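Colleague: Can you walk me through this one? I'd like the sheets, the helices on them and the cores.

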Amino acid sequence: MSEPSMRAELSMRAEKLDGADELAHKRAEFVLDDVVYLDGNSLGALPAAVPGRVEDVVRRQWGELRIRSWTEGGWWTAPERIGDRIAPLVGAAAGQIVVGDSTSVNVFKAVVGAVRLARLADPARDEIVVDATTFPTDGYIAESAARMTGCTLCPVTPAEVPGVLGERTAAVLLNHVDYRTGRLHDLPALTAAVHEAGAYAVWDLCHSAGALPVGLDAHGVDLAVGCTYKYLNGGPGSPAYLYVRSDLQDRFDSPLPGWNSHAEPFGMRPDYTPAPGALRGRVGTPDILSMLALEAALEVWDGVSIEAVRAKSLALTDFFLECVTQYVPEGRVECVTPRRHAERGSQIALRCADAGEVMPRLIERGVVGDFRHPDVLRFGFTPLYVGFADVERAARVLAEVLAEAGEREE
């Protein structure tokens with residue numbers, strides 16, 4: 001097939017796929033332009049309802065109601081209320097997620113809390129297993145938690161986890177999706193292995209929540225954390241969340257007790273008594289402006305099933321890989337994301353020798369992805385607003401940029 005014919009065929013297929021897309025109408029609920037935005041796995045696009053809601057929070061709730069908004073505006077209950085909005089997206093029943101603080105802070109709470117839970121049954125458990133391929137901050141937090149709890153740290157790849165678990169293991173911190181490659185790890189099997197060893201599983205959901213089914217309750221996950229500014233579109237620096245399984249909540253001992261997690265927060269007592277339920281994950285005063293911006297952003301999920309999102313995500317990434325195969329000369333890029341659906345998140349990572357130069361040129365041409373050192377082009381596919389025509393265009397522009405780079409080298 002000639003190149004023009006191939007492009008016409010792929011373009012027609014993209015148009016047909018967009019026409020049959022049951023989530024296509026959601027695109028209108030975001031503030032978008034003619035850029036192909038494939039970086040929602042770093043920062044999600046702005047939901048159109050957010051600016052008006054933030055203006056109301058600032059002008060009316062803060063400007064007019066002022067302190068009354070803690071009760072009349074629902075500020076005080078926002079962390080657990082918004083947690084319950086997130087819960088269905090990660091397969092959790094209500095009352096198990098609290099929103100607030102950063103992902104890093106919540107990782108610290110979860111890991112130390114997991115060690116303390118393990119030691120209630122066996123004080124001799126003194127090892128924390130951590131994903132060696134994790135996002136750096138998770139590794140830093142795990143190392144600090146190990147020092148503070150007197151544990152040793154055992155960094156291994158997720159595939160190696162079952163082989164290192166033992167009677168000393170207290171907690172295991174894993175990423176559901178690898179942030180570099182987009183590899184989806186086997187949460188059910190790994191959680192079961194951790195439990196078989198008598199330890200507690202902590203999952204980082206930053207690159208899976210809002211992109212694919214997680215099934216926290218169904219798979220018995222103990223604790224989980226995640227950010228809200230990627231596939232959940234909560235905005236830059238939007239607060240993260242902490243999940244504590246309901247049957248563990250009365251034993252969860254947070255290493256960061258604060259007045260907001262006290263059973264009597266306004267009692268101002270010198271002694272600490274933890275609040276019941278997920279509220280134990282709270283610490284200090286919630287960051288209300290970003291918290292309520294997140295709440296408005298989550299409205300785009302009304303009427304959307306995470307299963308439909310997953311189906312479209314896989315279709316988008318499949319189509320992107322097909323277009324790349326057709327458009328890009330063989331050997332110019334290498335896909336490092338697993339092709340098997342069961343092992344793939346919602347991103348495609350392509351190894352490219354001059355990735356650091358290619359990505360800025362893609363962005364100049366209106367295709368926004370990102371670069372990960374040393375040689376990875378990373379493209380995130382957010383099914384609520386990315387379409388199949390976007391995918392075809394991105395692959396076509398990538399081929400053009402790579403061809404021009406090759407000409408310059410000759």
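Modeller: Helix α11 (residues 355-364) lies across β14 and β15, at about 40° to β15. Angles run from 0 to 180 degrees between N-to-C directions, with axes as lines fitted to C-alpha atoms, for helices over the stretch in contact. Helices (H or I, at least four residues) and strands (E, at least two) are DSSP runs, numbered from the N terminus. This is a predicted model, where local features need pLDDT of at least 70 and side-chain atom pairs count only at pLDDT 80 or more, while totals for chains, interfaces and linings use all residues. Residues are numbered from 1 along each chain as its sequence is written, and side-chain values use heavy atoms, leaving out hydrogens and water.

Colleague: What is the strand order in the open sheet of 4 strands?

Modeller: The order is β11-β12-β15-β14, with antiparallel pairing. Its edge strands, pairing on one side only, are β11 (334-335) and β14 (370-372). Two strands pair if DSSP finds at least two bridges between them.

Colleague: How many bridges join β12 to β15?

Modeller: Strand β12 (residues 347-351) and strand β15 (residues 376-380) are joined by 5 bridges. Within that pair, Ile348 has Phe379 as its bridge partner.

Colleague: Which strands does α10 touch?

Modeller: Helix α10 (residues 306-327) packs on the sheet against β11, β12 and β15, and its direction makes about 25° with that of β12.

Colleague: Now the cores. Which residues touch the most other members in the largest one?

Modeller: Trp301, Phe320 and Leu350 do, in a nonpolar core of 85 residues. Such a core is a set of buried Ala, Val, Leu, Ile, Met, Phe, Trp, Tyr and Cys residues joined through side-chain atoms within 4.5 Å. Buried means under 20% relative accessible area, exposed over 50%, and partly exposed in between (1.4 Å probe, protein chains only).

Colleague: What is Phe320 in contact with, beyond its neighbours within four places in sequence?

Modeller: Ile348, Leu350, Phe379, Phe381, Val391, Ala394 and Ala395. Contact means heavy atoms within 4.5 Å. There is also a second, separate core of 29 residues, including Val98, Val112, Leu117 and Phe252.

Colleague: Switching to the sheet of 7 strands: what order, and which edges?

Modeller: This open sheet runs β4-β10-β9-β8-β7-β5-β6 with mixed pairing. Its edge strands are β4 (97-99) and β6 (152-156), and the twist averages 15° from one strand to the next.

Colleague: Is β8 mostly covered or exposed?

Modeller: Mostly covered, as 5 of its 5 residues are buried. Tyr200, Val202 and Asp204 point one way, and Ala201 and Trp203 the other. In a regular strand the side chains alternate between the two faces of the sheet. β8 runs parallel to β7, with 5 bridges between them, and Val172 stands opposite Ala201.

Colleague: Which helix lies across β7 and β8?

Modeller: That is α8 (residues 187-196), running at about 150° to β8.

Colleague: And Thr103, buried or exposed?

Modeller: Thr103 counts as buried because its relative accessibility is 12%. It lies in helix α5 and touches Asp204, Cys206, Val225, Gly226, Cys227 and Ala240, not counting residues up to four places away in sequence.

Colleague: How do α5 and α6 cross?

Modeller: The axes of α5 (residues 103-121) and α6 (residues 136-149) come within 9 Å and cross at roughly 40°. The two helices are therefore oblique to each other (angles under 35 degrees count as roughly parallel, over 145 as roughly antiparallel, 65 to 115 as roughly perpendicular and the rest as oblique).
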